Amino acid sequence: MGATGDLTPELLARSVWSDEDMAAYEIPFKDVPFITIGGGIGSFVTVDYLRIAGVPASDIAVLSNIGHPWQTYEYLTRVSQIPRAERIRSDSSSRPDNIWGFPSYALTEAWRDKSVKHLLNVLTEPVFADFWTPRAGTVFEGLEREAARIGYQDMLVKCAVRMVRRREAGGYFVVGSPEGGPKRVVYRARYVHIAVGYPGLRFLPDLQHFRERYGDYEHVVNAYEPHEHVYEFLKTRPGTVIVRGSGIVASRVLQRLIDDREAHGLGTRIVHIFRTYVDGPHGPVFMRRRGGHGWAYQGFNYPKSVWGGQLKAQMRRLEGAERAALYKKMGGSGANTPWRRKWQRQLAAGRAGGWYETRKGTVDSVVPGAHGQLVSTVGGEEIRSNYIIDCTGLEADIAESRVLADLLEHGGAGRNPLGRLDVERHFEVRGTASGKGAVYASGTATLGGYFPGVDTFLGLQIAAQEIADDLARRGFCRRIGPVRSTAQWVRWLLNRPI
Ligand SMILES: Cc1cc2nc3c(=O)[nH]c(=O)nc-3n(C[C@H](O)[C@H](O)[C@H](O)COP(=O)(O)OP(=O)(O)OC[C@H]3O[C@@H](n4cnc5c(N)ncnc54)[C@H](O)[C@@H]3O)c2cc1C
């Protein structure tokens, strides 16, 4: 073993490292007790809890490849047609910038706009109005304010994290590659939290095949990648777009196509392909949902009792196949979208006008046609289009994240009944303990665990609360009891630094 100042293949092959290894290889490292990897909304809410629980900023490092916590979220919402002025999906009290959820976003927007219409909406929903949801911009402004209040930038280290390895004497080494050098930074930490968001884009197999085979990344696009050129093309001449998928992103993309059609008098034709076509109310008796014209409707992406009711309690007790079965039952036919009056009106107009058509089935093939068009074959029928927008998914296997792949290979982590990262009820990654140290994880990578709503603002906060409680039990931070909570809420309201 020679001193190299860098990680060697021999060291990388070993799952457990020691302080002596670091000395022998002359690898410098910094001590920070708590590290969160990712730096998105999940890291942010966890750090927010810990700061409120009394942890100084100097005891926390956020290792992230983005400059502010809402950056990835804003990018994904913007390309999937939710710019700042549009409304997101979650409700008024799901506030990632406010662990108390009060005042709600509706109160904030009412105060700012000097209008009671937001409050009337909340009081009469969902019978007389659609569910009230905040503007994306309202969420970002709140996050910006709270980030400044808790000193987020002081904790942020811009780098791409490569791995978390157990330390022989307890705790972990975390290795990152900083932007613009040096080549490596190594941290020695007792606690590590991982919230790396979506491992990657998932394309429908036939569309992936088309892109690779014909090298055409322009006409077949994913709704989560920039695709403004599609809307721009349609402004120059009439064209046909195939939309695939039936979740909220499909709804947004259709809204954009139809808004443009209405605003600019366009001749856009839309063919919407549903793999699972829902033609009426569906689901088991106690989880019955609205449906029709292909869509499954649900206000939020999970039934509300997932966050604090009967489903939350039930899931917490289930293991293995039983847990997987309840997830399946809850998910119903798969994708769902909120029932919104505007979307209903637009699609009804499209059906009546003959420019919005639906098809049921799976696509057998997509090949190039004449004049730069695409030919999709569905159940023997050939459909010609100028573009295909894939609105089906963002999820990829967790092993596509290099940190999670390494944790599965070297860190003792395993998979849950849905194939994602196996976490305990308090979000510690099972099998990864190292002496008195612990690794926690939150977000979509942990879907399939004891708590179902993990990939939501509220779910990320529930995970953060469990993690903060566990760290308080271990003596790392204070418990957020009634006195601390009230005092801290007042500070939040007055925007006083922690
Ligand atoms: C379009 C869209 C709309 C959504 N709308 C809502 C909504 O209305 N309400 C709601 O409650 N939830 C919503 N969600 C779900 C969820 O709340 C958000 O996606 C949220 O951003 C998830 O937070 P996260 O921290 O898990 O991931 P992110 O916010 O994506 O952050 C993870 C970060 O980790 C970084 N990272 C990954 N690997 C590494 C590495 N090796 N080193 C350094 N950094 C790394 C990534 O670059 C990313 O920036 C929505 C999701 C999407 C995609």
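# Notebook: a walk through the model

I started with phenylalanine 427, which sits in the loop between α15 (402-410) and β19 (438-441). Before going on, a reminder to myself: this is a predicted model. Phenylalanine 427 is not a glycine, yet its phi is positive, about 70°. I also checked how covered it is: phenylalanine 427 has 28 other C-beta atoms within 10 Å, so I put it down as buried, the cut-off being 20 or more.

Most residues other than glycine have a negative phi, and most peptide bonds are trans. With that in mind I looked up lysine 114, which has a positive phi near 50° and isn't a glycine either. I found lysine 114 in the loop between α5 and α6. Is lysine 114 buried or exposed? I counted 6 other C-beta atoms within 10 Å of lysine 114, so it is exposed, since 12 or fewer is the limit for that.

**The helices on either side of that loop**

Two packed helices are described by the angle between their axes and the distance between the axes.

**Two cis prolines**

Next I went through the peptide bonds. Phenylalanine 102 and proline 103 are joined by a cis peptide bond, with omega about -5°. Proline 103 is in the loop between α4 and α5. I noted a cis bond between glutamate 125 and proline 126 too, where omega is about -10°. Proline 126 belongs to the loop between α6 and α7.

**Helix α7**

At 1.5 Å a residue, its 14 residues should span 20 Å, and I got 20 Å between the end C-alpha atoms, which agrees.

Then I asked which residues of α7 are buried. My list reads Ala136, Thr138, Val139, Leu143, Glu146 and Ala147. Looking down the axis of α7, I see these buried residues fall within an arc of 165°, so they line one face of the helix. An α-helix has 3.6 residues a turn, so residues three or four places apart point the same way. What covers the buried residues of α7 includes α3 (41-52), α4 (71-79), α5 and α8 (152-155). After α7 comes glycine 151, with a positive phi near 70°.

Alanine 61 is in strand β4 (residues 60-64). Alanine 61 has 25 C-beta neighbours inside 10 Å, so it counts as buried.

Leucine 407 took me back to α15, the helix it lies in. With 27 other C-beta atoms within 10 Å, leucine 407 is buried. Arginine 165 is 242 residues away from leucine 407 along the chain, and their C-alpha atoms are separated by 7.7 Å. Not counting residues up to four places away, leucine 407 touches Val164, Ala413 and Thr432.

Serine 376 gave me a pair that is apart in space: asparagine 416 is 40 residues from it in sequence and 37 Å away, C-alpha to C-alpha. Serine 376 lies in strand β16 (residues 374-378). It is buried, with 25 C-beta neighbours inside 10 Å. Beyond its neighbours within four places, the contacts I wrote down for serine 376 include Ile242, Val363 and Ser385.

Last entry: leucine 201, in the loop between β8 (191-194) and α9 (205-214). I counted 16 C-beta neighbours inside 10 Å, so leucine 201 is partly exposed. Proline 126, from my cis list, is 75 residues from leucine 201 in sequence and 33 Å from it in space, C-alpha to C-alpha. Setting aside residues up to four places away, leucine 201 touches Asn222, Tyr224, Glu225, Leu394 and Ala396.

Note on methods. Residues are numbered from 1 along each chain as its sequence is written. This is a predicted model: local features need pLDDT of at least 70, side-chain atom pairs count only at pLDDT 80 or more; totals for chains, interfaces and linings use all residues. Helices (H or I, at least four residues) and strands (E, at least two) are DSSP runs, numbered from the N terminus. The expected span of a helix is 1.5 Å times one less than its number of residues. The arc is that of the directions from the helix axis to the C-beta atoms. Two residues are in contact if their C-beta atoms, placed from the backbone, lie within 7 Å.
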